Amino acid sequence: AIPIRGGRDGAFPVEGGDEANDWRGFVPFAAMPKSFNPDSGRIVTANNKVIGEDYPYFISKHWADPARAARIEALLIDAARGEDGRRPTMDQMKRIQLDT
């Protein structure tokens with residue numbers, strides 16, 4: 001559950017006695033970022049930003065550099081060129097996990 005915060009973004013403590021700082025509830029489940037059956041056949045996340053600027057709820061301002069997710073994506077694309085053209089082998093997944 002991701003809180004909808006009143007007044008601030010949660011980066012720093014706020015005055016707990018001030019109702020302006022109360023949570024307003026939680027981001028509705030139906031509005032949570034999601035991806036289902038993308039055409040690529042893969043979903044890659046590595047603490048990178050997964051929402052657009054137009055997303056109506058605050059999630060975070062601390063996102064990892066997208067280079068890590070891009071590297072994982074590239075490795076998965078390369079691995080998909082394997083045996084059946086879609087699924088990486090166990091050895092390929094080991095290499096991806098150990099990639100630096």
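Colleague: Hi! Where is the place of Asn47?

Modeller: Hi! Asn47 sits in the loop between β2 and α1. Keep in mind that this is a predicted model.

Colleague: Noted. What is phi of Asn47 near?

Modeller: Its phi is near 65°, a positive value in a residue other than glycine. For background, most residues other than glycine have a negative phi.

Colleague: And is Asn47 buried or exposed?

Modeller: Exposed, because its relative accessible area is 59% and the cut-off for exposed is over 50%.

Colleague: What about Asn37, what is its phi?

Modeller: Asn37 has a positive phi of about 50° although it is not a glycine. Asn37 belongs to the loop between β2 and α1, and with 61% relative accessibility it counts as exposed.

Colleague: Let me move along to Asn48. Where does Asn48 lie?

Modeller: Asn48 is in the loop between β2 and α1. At 12% relative accessibility, Asn48 counts as buried.

Colleague: Which residues is Asn48 in contact with, leaving aside its neighbours within four places in sequence?

Modeller: With those neighbours left aside, Asn48 is in contact with Trp63, Ala64, Pro66 and Ala69.

Colleague: Which residues does Ala46 touch, not counting residues up to four places away in sequence?

Modeller: On that count, Ala46 touches Ala64, Arg68, Ala69 and Ile72. Ala46 is also one of the seven residues of the largest nonpolar core.

Colleague: Which residues make up that largest nonpolar core?

Modeller: The members are Val44, Ala46, Ala69, Leu75, Leu76, Ala79 and Ile96. Helix α1, residues 67–79, supplies the largest share of this core, four residues.

Colleague: Switching to charges. How many salt bridges does a search of the whole structure find?

Modeller: Searching the whole structure gives four salt bridges. One of them joins the side chains of Glu73 and Arg42, at 3.0 Å, N to O. Glu73 lies in helix α1 and Arg42 in the loop between β2 and α1, so this pair ties together parts that are 31 residues apart in sequence.

Colleague: What do Glu73 and Arg42 count as for accessibility?

Modeller: Glu73 is partly exposed, at 24% relative accessibility. Arg42 is partly exposed too, at 22%.

Colleague: Which residue does Asp99 meet in a salt bridge?

Modeller: The Asp99 side chain meets that of Arg71, at 2.8 Å, N to O. That pair links distant parts of the chain, with Asp99 in the segment after α2 (90–98) and Arg71 in helix α1, 28 residues apart. Asp99 has 30% relative accessibility and counts as partly exposed; Arg71, at 42%, also counts as partly exposed.

Colleague: And which residue does Glu53 form a salt bridge with?

Modeller: Glu53 pairs with Lys49, and their closest N and O atoms are 2.5 Å apart. Glu53 counts as exposed at 71% relative accessibility, whereas Lys49 counts as partly exposed at 37%.

Colleague: On to rings. How many aromatic pairs does a search of the whole structure find?

Modeller: The search finds two aromatic pairs. Trp23 and Phe26 form an edge-to-face pair, 5.6 Å centre to centre with 80° between the planes. Tyr55 and Tyr57 form an edge-to-face pair as well, with 5.9 Å centre to centre and 65° between the planes.

Colleague: Why does 65° between the planes count as edge-to-face?

Modeller: Because the cut-off for edge-to-face is planes over 60 degrees apart, and the planes of Tyr55 and Tyr57 have 65° between them.

Colleague: Is Tyr55 buried or exposed?

Modeller: Tyr55 is buried, with a relative accessible area of 17%.

Colleague: Last one: where does Asn21 lie?

Modeller: Asn21 is in the loop between β1 (3–5) and β2 (23–26). Asn21 is buried, with a relative accessible area of 17%.

Colleague: Which residues does Asn21 touch, not counting residues up to four places away in sequence?

Modeller: Counting that way, Asn21 touches Gly6, Arg8, Val14 and Glu15. With Glu15 there is a polar approach too: the backbone oxygen of Glu15 lies 3.0 Å from a polar atom of the Asn21 side chain.

Colleague: Thanks, that helps!

Key:
Residues are numbered from 1 along each chain as its sequence is written. This is a predicted model: local features need pLDDT of at least 70, side-chain atom pairs count only at pLDDT 80 or more; totals for chains, interfaces and linings use all residues. Side-chain values use heavy atoms; hydrogens and water are left out. Rings of Phe, Tyr and Trp (its six-membered ring) pair if their centres lie within 6.5 Å; planes under 30 degrees apart count as stacked, over 60 as edge-to-face and the rest as tilted. Buried means under 20% relative accessible area, exposed over 50%, partly exposed in between (1.4 Å probe, protein chains only). A nonpolar core is a set of buried Ala, Val, Leu, Ile, Met, Phe, Trp, Tyr and Cys residues joined through side-chain atoms within 4.5 Å. Helices (H or I, at least four residues) and strands (E, at least two) are DSSP runs, numbered from the N terminus. Contact means heavy atoms within 4.5 Å. A polar contact is a pair of N or O atoms within 3.5 Å; within protein, one must be able to donate a hydrogen and the other to accept it, and residues adjacent in sequence count only if both atoms are side-chain atoms.
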